[in-house]
Every structure is written in C-alpha cells, then in structure tokens.
Amino acid sequence: MGSIVQLPEHVSNQIAAGEVVGRPASVIKELIENSVDAESSEIVIVVVDAGRTLIQVVDNGKGMSEEDAKLCFKRHATSKISTADDLLSLVTKGFRGEALASISAVSHVELKTRETDSEMGTKVFLNGCDIGGVESVACPKGTQFAVKNLFFNVPARRNFLKSDQVEMRHIIDEFQRVAMAHPDLSFRLQSNGSDLFNLKPGSLRHRVVAIFGSKHDERLVPIEESTDVVKIYGFVGKPSFARRTRGEQFLFVNDRFIKHPLMHKAIMHAYEGVLSPGHFPLYTIFLEVDPKRIDVNIHPTKAEAKFQEDQAIFAILRSTIKRGLGKHNVAPSLDFDTELSISIDPLPSDKILGEPQVVINPDYNPFKSTRCSSGGTSNHSSERSMKSIVFGSGESEDKNPDEFFSANDSKEVRELIDATEAPKFLQYANRFIITSRQGNLLMIDARRAHQRILFEQYLSEGKGTAKETPQKLLFPEPVDLPKADTMLLVEVSEVLATYGLELEERVEGGVDIISVPNGLADKLHDCIDSVLEALRDGTWADEDGRREKLAGVWAKAASIPKSKKLTDEEMSSIIGRLFLCESPAVDPCGQSVLTVFDEGAIDDILG
Ligand code: ADP
Ligand code: MG
C-alpha cells in the first residue's frame with residue numbers, strides 16, 4: 001500500500017495559513033483589502049486586545065450573495081480572476097483566493113453580508129474550515145467579518161505573538177498602508193473601544209497629514225512625472241526633517257504597498273548630499289505601471305514586486321525626486337548626474353596665504369594630569385615636541401570639561417583614580433584612552449566605555465536621575481508624532497522618566513516634552529527616534545528585557561560622540577567609573593570596550 005495521502009482540506013489550509021496569516025496585522029490587511037476590492041467607500045476596523053480576541057472589519061461595499069458567502073472560504077475561491085490571462089491586467093488587491101481560507105483555518109470566523117439589491121443578507125459562521133451554519137439575516141448593505149480567537153488551534157504561533165503594543169504597531173502599519181493608498185475612502189480604526197484613526201475622504205495630502213500629524217504639511221514636497229514606462233506622484237519629505245527611523249516610508253505600485261530595495265535606493269540616491277548620515281527621509285510615492293509589466297505574484301502577502309523595466313524606473317524615480325527637491329529649494333537641481341559639490345567661497349584677493357602653523361606647548365607633559373600638573377619640568381624640548389606630536393597637546397580645546405560629567409565622582413571613584421599610579425592616561429585620535437593598570441597597557445574606546453557606564457547607571461537603582469537632575473523645560477516642547485509612535489512612547493514614559501526624559505501625551509496628537517536629561521536637549525529628537533526604533537522592533541522577552549534594551553538605546557544616545565577631545569577630568573572619570581561597572585569590557589551592544597596588552601604581548605608584537 002502506498003504511503004502518500006492527499007492532505008485533508010483543513011490541514012492544507014492551516015499550512016497555507018502559515019504563509020498568509022503571520023499575526024493579527026496580516027488578517028487586518030487581507031480583510032481591508034477585500035473591502036477595498038468590494039468598492040466600499042467606508043471601512044471600519046475594530047480590534048480588541050490587539051486582535052487576539054477580536055478583529056472586525058465592516059464595509060459598505062457590494063456584498064456577497066448567499067452562494068458566494070459560503071464559497072468565499074474555500075481555498076482558491078476568488079471572484080477577481082478566472083483565467084491566467086487575468087493576472088496580466090490585475091486591478092484588484094486580491095486574486096489568490098487564499099486569505100479567507102487561511103484565516104478561517106486558524107480562528108473562529110463569522111460573516112454577515114448583503115448585496116445592494118437584496119432585501120435580506122446572509123450570515124455564515126464557521127467551525128474551523130467547515131461551515132457551521134448559514135442563516136438569512138437583516139443587515140446593512142456590505143460585508144462584516146468578525147475573526148475571533150486567532151490562532152486558537154496554533155498555540156506555537158499564538159505564543160509567539162509579541163506584546164499588545166507591538167502587535168498594535170503592526171496593525172497600524174498595515175492599516176496605514178491601505179489607508180494611504182486610498183485617500184478617497186473613509187477608514188476608521190478602533191482599538192479596545194477608542195478611536196485610533198478616523199480618516200475622512202480627501203486628497204492624498206490630507207491623508208498624509210491625517211496619518212502623520214499636522215506638522216507634516218510643511219515638510220512635504222510634491223513630486224510628479226509621467227513617462228511611457230511609469231507615472232510617478234506623491235510626496236517626499238524635506239531633508240531637514242529626516243529622522244533616524246525608517247518608519248514613514250511608503251512606496252506603492254498600482255496602489256499596492258510594496259517593499260522594493262532597489263527603488264528605495266533610487267529614492268535615497270536622490271537625497272545624496274543633502275541628508276545627514278543615518279537619517280531617513282519620509283516619502284509616500286505612488287508608481288503606476290502597466291499591470292502587464294509588473295509581477296506582484298512573487299509572495300503570498302504580495303509585498304514584493306518585480307518590474308520589467310527596473311533600471312529605467314530607477315533612473316526616472318531618482319531624477320523626479322531630485323527635481324522635486326530642487327524646485328522647493330531644498331537641494332541643488334542643476335545637474336542630476338554629478339556629485340553635489342560643496343561650495344567654497346573664493347579667497348579675497350588681498351589675502352596672502354601663509355603656511356599652516358603647528359602650535360606646540362613646550363611645557364606640556366603628557367604624563368601629568370591637569371589636576372596635579374604645575375607645568376613641565378623636563379628640559380629636553382625636542383623630546384617634548386615629539387610627544388606633543390604623537391600624543392596631541394593634552395590640553396583640551398573643549399573648555400567645558402564638566403559638560404557630560406557634571407556630577408562629582410563618588411568618593412569610591414576618586415579613591416580608585418587616586419590609587420592608580422601616575423602616569424595616568426592620554427588620548428589618542430580623539431577616541432581612545434590609553435592608560436596602564438596593574439602592569440598592563442590598556443586601550444579604551446571612550447565612547448563605548450561611556451555607554452557601558454551610563455547603561456549600568458540607568459539600570460541600577462535611582463535610574464540615572466540620582467546624579468544628574470533633568471533639565472525642566474520652561475515651556476513643554478511639543479513633538480509631533482504619528483499616533484502609533486505616540487502610543488509606543490507613552491507606554492514606556494515611566495521608564496523614560498527614570499532617565500530624565502519626562503513626557504506627556506497631547507490631546508491633539510504627539511507628546512509634550514516636560515524635561516530632558518542634562519546635555520541632551522540638542523539631541524532630543526534623535527534620542528526619541530532611537531527609542532521608537534527599538535520599541536517597534538520589540539524583540540525583548542519581558543519587562544526587564546525591554547528596560548535593558550531602552551537603557552542601551554538611551555546610553556548610546558546620551559554618550560559622548562565617537563570623536564571627542566576629552567579633558568583629563570573626563571578621562572579619569574571614565575576610567576574610574578568604567579572599572580566600577582559590572583561588565584567593563586563590553587558596551588551595551590556587546591562590542592569590546594577595551595583591549596589589554598601585557599609586556600609579553602608587546603614583546604611579541606615587536607618581535
Ligand atoms: P481574494 O481576495 O484573493 O479573491 P479572499 O480569500 O480574500 O481571496 O476572498 C475570496 C472572495 O471573497 C473574494 O474574491 C470576493 O469575491 C469575496 N469577498 C471577500 N471579502 C469580501 C468583501 N468584503 N466584500 C465582498 N466580497 C468579498
Ligand atoms: Mg483577498
């Protein structure tokens with residue numbers, strides 16, 4: 001007897017569900033897309049417990065007949081294509097006929113639907129993949145799906161879901177992608193009884209602003225281009241408003257949200273030379289191409305696409321954005337193909353150029369710290385200048401040594417510093433502190449060391465505020481944020497307050513910053529972006545994990561820059577505090593903080 005069996009439908013559906021339905025957000029995406037395909041003008045989404053308990057999507061579209069209402073849960077049952085050729089002229093979001101079969105395989109689904117010209121509607125409820133009952137009901141025109149107890153029969157997947165905040169974030173992402181693509185439809189998203197979004201029909205600009213917040217209006221630059229290959233329209237953000245997170249980047253092909261690394265690259269190229277490193281511009285860009293010249297059938301969730309004319313579209317997209325930015329005076333636009341050059345003012349003709357001078361302090365002794373220094377004692381001037389050249393002048397150009405270590409070091413730290421015998425330390429390349437300790441030569445990456453120190457400080461009792469008093473702002477500083485980001489941030493506001501960042505949610509959206517940690521006022525927005533990035537990622541296991549992640553992010557944001565001339569005070573403070581840390585050898589990201597050489601190692605190097 002053969003051992004191959006054809007899997008029963010409910011088993012194959014459950015397997016397929018693994019691809020289509022990864023989390024509550026994917027259910028929402030599929031259901032909203034169906035509502036859009038059904039020509040609805042109003043779509044309401046209700047979620048309870050981030051979709052674990054209930055996901056409900058109600059539309060006023062064309063509805064289904066009783067026959068269709070029973071059939072729609074069958075695998076490969078679709079009204080959107082009937083022949084393979086139809087794939088070449090797709091205008092709908094769905095076409096695989098897989099979503100409802102997959103969703104019903106992993107949840108309890110109920111459907112109510114009525115076609116426009118029918119008097120009565122149909123109610124269908126499912127028992128797994130099987131139809132549990134069909135009734136005739138009075139209901140409004142359109143379709144309502146209620147999906148309950150998602151993954152009730154797939155515990156592994158249910159257990160893998162992240163916190164409600166993270167799942168909600170994914171839901172909002174999917175919601176925004178569809179809502180952005182259809183500004184002419186009204187969309188409403190409710191979570192646990194309160195409205196997160198209530199988007200009225202309007203122009204694309206209205207929609208962008210309604211989703212991202214009113215401040216975005218002034219940050220948008222419109223773009224437009226029409227060629228035989230592609231039609232492009234939408235908005236890109238002014239470079240000065242670019243953020244450290246990629247959150248606000250939307251690319252659509254024929255109104256379908258896609259991820260396309262190559263097109264993203266084209267967009268980033270357009271910003272070359274006008275964007276600070278590590279920053280990402282906002283964009284909402286729509287490409288329209290002939291459906292025959294694009295394949296969206298690569299992945300079941302259809303988030304990828306393949307263009308026939310990749311290269312041409314790349315070039316057109318890039319130059320369209322560049323021109324758009326140029327027109328709005330946010331980037332030079334004359335030449336699209338050469339690197340943007342930095343303009344240098346010509347030298348006045350009466351100015352005579354002299355040779356650059358190297359200034360050396362002949363009295364400098366690199367092995368004396370300023371705390372106990374009283375000028376040099378050696379007479380050997382050539383040796384001294386040699387040292388100055390190799391080791392830098394030792395005197396800090398930075399005249400405010402206490403800028404980042406404003407608090408006095410504890411007695412413990414002082415004792416530790418004093419116990420280290422002279423010579424103490426010097427800085428190399430504005431980055432590394434070189435010192436000796438217990439007969440070893442140490443090279444310490446100052447920034448990583450500082451991150452380790454802050455990280456442990458934040459995690460320890462008192463949580464960082466103990467030493468440095470946060471700077472209360474005279475007027476709360478409003479930070480305009482998308483709703484989803486606001487939710488994430490408010491959720492961790494207590495933890496952030498322990499780092500000195502106090503914030504409050506604003507009624508009109510975004511947050512008000514009440515106080516910032518000392519010395520971080522300038523970096524405030526970057527810090528907030530980094531925190532958001534970490535929160536969206538959501539890869540921690542529990543509350544402690546999250547606290548640790550946040551402390552790491554915050555330590556990174558608050559630490560000294562990669563290159564900074566340090567004063568002797570700062571260096572001694574870093575060394576002293578580093579060695580009081582529990583794990584002085586690695587930074588919060590796990591990178592080495594220091595390297596140690598003993599005599600033997602140096603002998604080996606010297607050979
Ligand atoms: P697809 O969207 O790929 O066709 P689905 O499984 O998502 O597959 O849906 C199956 C079919 O059910 C659709 O083709 C459509 O005919 C019908 N359907 C689903 N949702 C709706 C809705 N909200 N309104 C009207 N018909 C719907
Ligand atoms: Mg569908």
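**A quick tour of the chain**

Colleague: Before anything else, what kind of model is this?
Modeller: This is a predicted model.

Colleague: Okay. How many helices and strands does the chain have?
Modeller: There are 18 helices and 22 strands in the chain.

Colleague: And how much of the chain is buried?
Modeller: Of the 607 residues in the chain, 46% are buried. The accessible surface is about 30700 Å², and carbon and sulfur atoms account for 51% of that surface.

Colleague: What about contacts between residues at least 6 apart in sequence, how many of those join residues at least 24 apart?
Modeller: That share is 69% for this chain.

Colleague: Let's go inside. Which residues touch the most other members of the largest nonpolar core?
Modeller: That core has 60 residues, and the ones touching the most other members are L31, I45, F73, F175 and F187. Helix α6, residues 164-181, gives the most to this core, with eight residues.

Colleague: Pick F175. What does F175 touch?
Modeller: Leaving out residues up to four places away in sequence, F175 touches I32, I45, F187, R188, L189, F197 and L199.

Colleague: Which residues are in the second core?
Modeller: A242, V253, I285 and V296 are among them. This second core is separate and has 32 residues.

Colleague: Switching to sheets. What's the strand order in the open sheet of three strands?
Modeller: The order is β19-β21-β20, and the pairing is antiparallel. The edge strands are β19 (471-479) and β20 (502-505). Each of those two pairs on one side only.

Colleague: How are neighbouring strands of that sheet turned against each other?
Modeller: By 20 degrees on average, ignoring direction.

Colleague: How many bridges join β20 to β21?
Modeller: Four bridges, with β21 covering residues 511-516 and the two strands running antiparallel. To find a spot on screen, look at E505, which stands opposite V511 in β21.

Colleague: Which helix touches β20 and β21?
Modeller: Helix α13, residues 483-491, packs on the sheet and touches those two strands. The direction of α13 makes about 130 degrees with that of β20.

Colleague: And which helix lies across β19 and β21?
Modeller: That's α15, residues 524-537, running at about 65 degrees to β19.

Colleague: New topic: backbone angles. What's the phi of N149?
Modeller: Near 50 degrees, so N149 has a positive value without being a glycine. N149 sits in the loop between β6 (142-148) and α5 (155-160).

Colleague: Last one. Where does N34 lie?
Modeller: N34 is in helix α2, residues 24-37. Setting aside residues up to four places away in sequence, N34 touches K80 and L100.

Colleague: And what separates N34 from F95?
Modeller: They are 61 residues apart along the chain, and their C-alpha atoms are separated by 9.9 Å.

Notes:
Residues numbered from 1 in each chain as written. Chains lettered and ligands numbered in written order. Predicted model: local features only at pLDDT ≥ 70, side-chain atom pairs only at ≥ 80, totals over all residues. Heavy atoms only, no water. Buried < 20%, exposed > 50% of the residue type's maximum accessible area, 1.4 Å probe, protein only. Pairing = 2+ DSSP bridges. Axes fitted to C-alpha atoms, helices over the stretch in contact; angles between N-to-C directions. Contact = heavy atoms within 4.5 Å. Areas by Shrake-Rupley, 256 points an atom, 1.4 Å probe, with all protein chains shown as cover. Core = buried A, V, L, I, M, F, W, Y, C linked by side-chain atoms within 4.5 Å.
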